[in-house]
Amino acid sequence: MLVAADKFKGSLTAVQVAERVTAGLHRVAPDVEVEALPVADGGDGTVDAAVAAGFERREVGVAGPLGQEVTAAFAVRGDTAVVEMAEASGLQRLPDGVLAPLTASTYGSGELLRAALDAGARTIVFGVGGSATTDGGAGMLAALGARFLDADGEPVPPGGGGLAALASADLSGLDPRLSGVELVLASDVDNPLTGPKGAPAVYGPQKGAAPEEVRALDAALAHFAKVLEAAVGPRAAECAASPGAGAAGGIGYGALLLGARFRAGIEVMLDVLGFAPALERAELVITGEGSLDEQTLHGKAPAGVAAAARAAGKEVVAVCGRLALAPEMLGRAGIRRAYPLTEAEPDVAKCIAEAGPILERVAARIGGDYLT
């Protein structure tokens, strides 16, 4: 059996989910062979999934979203690095959890990419998601050597709000090592940079942006793209309209300007983690995440796992904290059945607080259904 599940956000990491499911299966069938392959879709937990798959964890001090130093991790195996922007610029890195939609910067994410270059990476998988930022990747590009100046020739303030004052951009100082690296933008969203489906409009509110701040950020990012067009030509406008540009507050745009190739996060991670050979060895695949809902069907980890498993003719079931998909929708996604924690424990607060032991009980039920 193969356990390839994502985290239960706020309760269990993907590694812990795999451990609990394995323990539950072994309650029923102590001798069954269970292979654990924790997965992630490019958002928070991506580095942990890579480390669980055999990558080496590296840590480095970088700037958090408001400039304070944080210790961020990335993962390396051979000449491949997995970098997770949330490690440096994620919501969890905001001091005291106070949202800062106009001033949060991706500078630390650029420092993480630089650390991956220092480690000798020739391929960098850049997982983006869970960001505190809406700066179009300006901070990241600045950390890599770009210059963004106001009318007085001074650097613009950090964050998306500061881009309104941008007068000129100079990308000539970008780290030359970037030209020799394959950069893969791994994300589960394909939004453009601006407009009704752009980063500020769709994701700004969850980062604390009020309606007038959403409008200000959208205008600032549109201005950013215009100034970059003057600096690097029409490619800047093409990147802004490309799928993935709006990922993680527009850091996708900055990555595309660096020549990144955009791919669905879960597809990239399954390749990097060695999912295909593990799938060949499995008779049943158990996937899952905290909430199986409409969002799951749009590029989240369980949908990617199920699609790959179905293509290989393998049966898939899912575990989750909460289930909000009808059986026919699960079936269309390639999932035969879902086992939510709320079936075993109707009290949602208890499910969150005691997710581990309850998941173990749920996994024992799966074992009873499929192994006995």
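The dialogue below goes through a sheet and several salt bridges of a predicted model.

Reader: What should I know before I start reading?

Author: Because this is a predicted model, local features need pLDDT of at least 70 and side-chain atom pairs count only at pLDDT 80 or more, while totals for chains, interfaces and linings use all residues. Residues are numbered from 1 along each chain as its sequence is written, and side-chain values use heavy atoms, with hydrogens and water left out.

Reader: What is the strand order of the open sheet, and with what pairing?

Author: Strands (E, at least two residues) and helices (H or I, at least four residues) are DSSP runs numbered from the N terminus, and two strands pair if DSSP finds at least two bridges between them. Here five strands form an open sheet in the order 2-1-11-12-13, with parallel pairing. Strand 2 (35-36) and strand 13 (337-340) stand at the edges with a single partner strand each, so one side of each is left without a neighbour in the sheet.

Reader: Over how many bridges do strand 12 and strand 13 pair?

Author: Strand 12, residues 315-323, pairs with strand 13 in the parallel sense over four bridges, and V317 stands opposite R337 in strand 13.

Reader: Which strands does helix 16 lie across?

Author: Contact means heavy atoms within 4.5 Å; axes are lines fitted to C-alpha atoms, for helices over the stretch in contact, and angles run from 0 to 180 degrees between N-to-C directions. Helix 16 (residues 355-370) lies across strand 11 (284-292), strand 12 and strand 13, and runs at about 150 degrees to strand 13.

Reader: How many salt bridges does a search of the whole structure find?

Author: A salt bridge is a side-chain nitrogen of Lys or Arg within 4 Å of a carboxyl oxygen of Asp or Glu, and the search finds 20 of them. One of these joins the side chains of E35 and R281 at 2.6 Å, N to O. E35 lies in strand 2 and R281 in helix 11 (residues 275-281), so the pair ties together parts that are 246 residues apart in sequence.

Reader: Where do the partners D118 and R177 lie?

Author: D118 forms a salt bridge with R177, with the closest N and O atoms 2.8 Å apart. D118 lies in helix 4 (residues 107-118) and R177 in the loop between strand 8 (168-170) and strand 9 (182-187), so the pair ties together parts that are 59 residues apart in sequence.
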